[in-house]
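I set out to look up a handful of elements and residues and to write down what each one showed. The entries follow in the order in which I made them.

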Amino acid sequence: MTLTTPLPSVAPSPAMPARLFAAGPHADATLHAARFGPLPATTGLVATLRDSGLTGRGGGAFPVAAKIDALTGPPATIIGNGSEGEPLSRKDATLLHHAPHLVIDGLLLLAAALNPKARLVIVARPDGVDSVRHALRERADGRDIEVRVAEDRFVSGEATAVVAGLAGAPALPKDHPLHLTQRGVGRRPTLLFNVETLAHVALIGRYGAGWFRSLGTPEDPGTRLLSINGDGIGEHVLEVPGGTRIIDALTAVGANPDAVQAVLVGGFHGRWVPARHLTRSLTPRPAPDADGAPVGAGVILAIGVETCGLTVTGSILEYLAAESAGQCGPCVLGLPRLATRYAEHASGQEVDASRVWQLIETLPGRGACHHPDGTAALARSALTVFTAELDRHRAGTCCEGPHR
Amino acid sequence: MTRPTPSPTLHIDWTRCQARGACLELLPDLLHPDEDGYPLPAAPARQRTNIPLRAAQLPAAQDAVALCPRLALTLRREK
């Protein structure tokens with residue numbers, strides 16, 4: 001689907017910062033150098049990254065410095081992951097298209113700081129890959145960076161799946177009793193960062209931790225990219241400060257919040273936020289008090305007042321069931337069953353809620369990756385948020401409007 | 001600097017497990033079958049792949065590791 005649709009433009013919104021795209025759209029080596037200057041020295045880079053509080057932008061929000069600290073030796077391979085298996089996610093391809101040199105800079109800085117002989121790889125979706133290859137040809141220091149095309153599957157962006165792909169196997173998650181920082185590519189310590197994370201490394205290396213923290217919140221310092229989609233909104237990639245409110249992200253791309261019924265925050269493994277809670281802030285991790293909305297890898301889907309969130313979720317659950325890698329029994333058997341029971345329950349036919357809730361409780365935690373966990377969390381969220389719709393489905397009166 | 005010995009965990013490789021059930025027989029108070037016969041640890045969801053073991057469960061866990069026909073189980077001592 002992404003091969004035919006053009007990537008979103010990166011014209012800055014007046015209300016939002018422009019750090020990652022500060023060199024403008026289609027920033028080639030000349031524009032990049034004019035805006036950002038040459039690669040900075042790497043002295044103290046890891047300490048600066050620690051002070052900056054930068055967390056991974058691939059969805060896990062794990063602190064970058066902590067991941068580096070977890071290495072059991074110099075990283076033999078450093079990977080920039082732009083696999084972006086989430087169909088609604090466009091931020092990584094957009095970043096690689098418009099600002100590839102920042103990503104390359106970040107990869108080179110980490111290599112210089114940690115292991116100049118490391119194997120360096122950028123994995124990109126087809127619509128980001130040409131731009132990366134072109135950018136690498138533009139610079140003398142990019143010669144040794146490999147570019148790999150990501151597999152077009154939901155789970156193929158998961159870290160162990162990327163590593164499996166580099167080894168020539170199908171890009172599917174693997175059982176990993178040890179972290180990649182201990183045993184990754186070639187069974188040696190491996191660092192894998194989302195490509196947006198690397199772009200922030202390039203900026204922090206130049207401007208420092210204080211500069212990075214001058215935007216965002218103490219809990220979520222700096223900026224992050226969002227992929228915003230939805231009824232009547234179109235597709236956007238937007239850079240926002242950490243801790244931005246959902247409503248502010250929506251209005252920045254021209255959406256009318258009054259026409260929004262609910263927002264799925266965090267993508268297909270995310271959580272529904274009803275319209276009355278659009279003033280909630282995006283948070284890097286799930287908050288125990290449920291007062292924030294975990295942003296995950298930054299995917300936001302807004303549905304209009306005519307759309308039924310229960311039905312949309314049913315379609316997503318079917319998609320996610322089909323995207324199981326087919327490796328782990330509880331996922332292979334459980335996800336299609338969840339989609340079926342959810343559909344029966346959400347449509348109002350099956351009144352005994354325990355059949356779907358029992359699955360939601362038992363699915364998580366039993367797989368080589370978190371696909372079952374995220375899928376169960378989505379079902380849980382929909383059944384918790386759309387209770388009024390559930391009542392109407394039982395009464396046979398909901399969803400007169402157009403919906404998918 | 002000495003660290004306390006971390007409690008051992010039983011790691012399940014879900015890509016290997018095919019619900020043969022030997023572990024369920026050996027560790028009835030640790031693992032229960034789900035509706036397809038796959039092990040469902042009583043542990044919280046985030047500990048269902050690396051399941052904490054009590055000392056008394058260790059011998060049975062070692063048997064389960066040795067007897068799993070799919071070689072899906074390993075005993076881990078480090079975190």
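For burial I used relative accessible area, where buried means under 20%, exposed over 50% and partly exposed in between, with a 1.4 Å probe and protein chains only. Helices (H or I, at least four residues) and strands (E, at least two) are DSSP runs, numbered from the N terminus.

This is a predicted model, in which local features need pLDDT of at least 70 and side-chain atom pairs count only at pLDDT 80 or more, while totals for chains, interfaces and linings use all residues. Residues are numbered from 1 along each chain as its sequence is written, chains are lettered from A and ligands numbered from 1 in the order in which they are written, and side-chain values use heavy atoms, with hydrogens and water left out.

**Entry 1: helix H7 of chain A**

I looked up H7(A), residues 159-166, and found it mostly covered, with seven of its eight residues buried. Those buried residues are Thr160(A), Ala161(A), Val162(A), Val163(A), Ala164(A), Gly165(A) and Leu166(A). What covers them includes strands S1 (77-82), S2 (119-124), S3 (145-149) and S4 (190-194) of chain A, where contact means heavy atoms within 4.5 Å. Just after H7(A), I noted that Gly168(A) takes a positive phi of about 90°.

From strand S4 of chain A I picked Leu192(A), which counts as buried because its relative accessibility is 9%. Leaving out residues up to four places away in sequence, Leu192(A) touches Lys67(A), Ile79(A), Asn81(A), Ala159(A) and Val162(A).

Over residues 50-202 the chain is 39% helix and 14% strand, and the end C-alpha atoms are 14 Å apart.

**Entry 2: the five-stranded sheet of chain A**

In what order do the five strands of the open sheet stand? I read the order as S6-S5-S11-S7-S8 in chain A, with mixed pairing; two strands pair if DSSP finds at least two bridges between them. S6 (234-241) and S8 (271-274) stand at the edges with a single partner strand each, so one side of each is left without a neighbour in the sheet. The twist averages 25° from one strand to the next, with axes as lines fitted to C-alpha atoms, for helices over the stretch in contact, and angles running from 0 to 180 degrees between N-to-C directions.

S5(A), residues 223-230, pairs with S6(A) in the antiparallel sense over eight bridges, and Leu225(A) stands opposite Glu239(A). S7(A) and S8(A) are likewise antiparallel, over four bridges, with Val263(A) opposite Val273(A). These two strands form a hairpin with five residues between them, and Gly266(A) in the turn has a positive phi of about 100°. Helix H13 (residues 371-385) lies across S7(A) and S8(A), running at about 20° to S8(A).

A nonpolar core is a set of buried Ala, Val, Leu, Ile, Met, Phe, Trp, Tyr and Cys residues joined through side-chain atoms within 4.5 Å. In the largest, of 58 residues, Trp272(A), Leu310(A), Leu338(A) and Tyr342(A) touch the most other members. Apart from it lies another core, of 47 residues, among them Ala99(A), Ile104(A), Ile204(A) and Leu225(A).

**Entry 3: strand S1 of chain B**

Thr9(B) and His11(B) point one way from S1(B), residues 9-12, and Leu10(B) and Ile12(B) the other way, and all are buried. His11(B) stands opposite Asn50(B) in S4(B), and its bridge partner in S5(B) is Thr74(B).
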